[in-house]
Amino acid sequence: MSNHLDQLRDELDQVNIKILDLINERGRLVKEIGDIKKSQGMKAYDPVREREMLDHIIDQHQGPFEYATVKHIFKEIFKAAKELQEGDYRETLLVSRKKKPSDTIISVGDISVGNGENQFIMGPCSVESQEQVNTVAKAVKQQGVNILRGGAFKPRTSPYDFQGLGEEGLKMLRHAGDQYGLKVVSEITNPKDIELGTKHLDIIQIGARNMQNFDLLKEAGKSNKPILLKRGLAATINEFMNAAEYVVTQGNSNLILCERGIRTYETATRNTLDITAVPILKQETHLPVMVDVTHSTGRRDLLLPAAKAAIAVGADGIMAEVHPDPAVALSDSQQQMDIPTFEHFMEQLKQPHAVVNNG
Ligand SMILES: O=C(O)C(=O)C[C@]1(C(=O)O)C=C[C@@H](O)C=C1
């Protein structure tokens, strides 16, 4: 009995290999057909041809499988064939891991982003005065953070809200950075101001609302500064990757991606932190990925758990907002940390077992 079973299994093993050979033979034919169709400007998908093949297959079909089962199997085979052809058609994105399997490490002067160590980007939502940004810079430096943030060009929902100090703000940020030995990052909103960013900043940020401002992306791509690109409010991961591609195609591959929450029906948080976007982006692209816990949650009480989660799923760093007196901040007063809260936040994250890292 068991002999017979073994014998049948042996036969099945051989059939499996025959199927495998046939599938691969089919794949080679399909690729050749794909090349011809491509050269004639034809699309990979041809439903009429698929229908003809299915009809022909069903004519020949004798069981024991049900018709529906055979149809399902062949539809999967056609789908795989189409993907094989489209893989040849589709340009592989420069930002994709398929194009570059190794991690991209971004050098910002003497610090690195994406080298396996977590980097923190901390600072006020808006630069309001030299004194304000200096106070934060000092606290940030004391916690061992390397990068200071601060908004100077503020894309605000209401035109009546504080719009930022513009170039003056960039200069104040630069001054604070130089004084405390910190790299500085700030958002640029207009393509013509990329030049100002290049002059005053170490990293140029492109914000969520501008993720698909293609002129801005292209201009950023012409600069030699590292770019921090935030995911758009309602952007899919694919749209996010394509936005990054706009920068890279212009020659600048010093790009850091930043998940900052997306808009969903949930109202408990300002946005919904799409935590799985981090491992997906790490798998799909070779770029470093950071998480902005302030904008994704909009809640001070969630900053620490969100940061731990981000690190646990493989983020290369965390961005959050810190203000000497959030209650009187000119923007985002609800969600910025005051300095003692920030110190507690950093101390908690530095605990040896704060996060069970996936690495
Ligand atoms: O016959 C073709 O034109 C093919 O490209 C081959 C093939 C197939 O797998 O058989 C692939 C995709 C099309 O949707 C239809 C058929």
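The domain assignment of the chain gives two parts: domain 1 covers residues 2–89, and domain 2 covers residues 106–350. The structure is a predicted model. Between the C-alpha centres of domain 1 and domain 2 there is a separation of 48 Å.

**The barrel**

- Eight strands form a closed barrel in the order β3-β4-β5-β6-β7-β8-β9-β10, and their pairing is parallel.
- On average, neighbouring strands of this sheet are turned by 25° against each other, direction ignored.
- Leu 257 has Val 289 in β9 as its bridge partner.
- Helix α5 packs on the sheet, where α5 touches β4 (147–149) and β5 (183–187).
- The direction of α5 makes about 160° with that of β5.

**The helix pair α4 and α5**

- Two packed helices are described by the angle between their axes and the distance between the axes.
- For helix α4 (residues 130–142) and helix α5 (residues 167–180), the axes come within 9 Å and cross at roughly 35°.
- The crossing of α4 past α5 is right-handed.
- On the α4 side, the residues that meet α5 are Gln 130, Val 133, Asn 134, Ala 137, Lys 138 and Lys 141.
- On the α5 side, the contact is made by Met 172, Leu 173, His 175, Ala 176, Gly 177, Gln 179 and Tyr 180.
- Sorted by class, this contact of α4 with α5 has 6 nonpolar, 5 polar and 2 charged residues.

Terms used:
Residues are numbered from 1 along each chain as its sequence is written. This is a predicted model: local features need pLDDT of at least 70, side-chain atom pairs count only at pLDDT 80 or more; totals for chains, interfaces and linings use all residues. Domain bounds come from an automatic or database domain assignment. Axes are lines fitted to C-alpha atoms, for helices over the stretch in contact, and angles run from 0 to 180 degrees between N-to-C directions. Helices (H or I, at least four residues) and strands (E, at least two) are DSSP runs, numbered from the N terminus. A crossing is left-handed if the near helix is turned anticlockwise from the far one by less than a right angle, and right-handed if clockwise. Two residues are in contact if their C-beta atoms, placed from the backbone, lie within 7 Å. Ala, Val, Leu, Ile, Met, Phe, Trp, Tyr, Cys and Pro count as nonpolar, Asp, Glu, Lys and Arg as charged, and the others, Gly among them, as polar. Two strands pair if DSSP finds at least two bridges between them.
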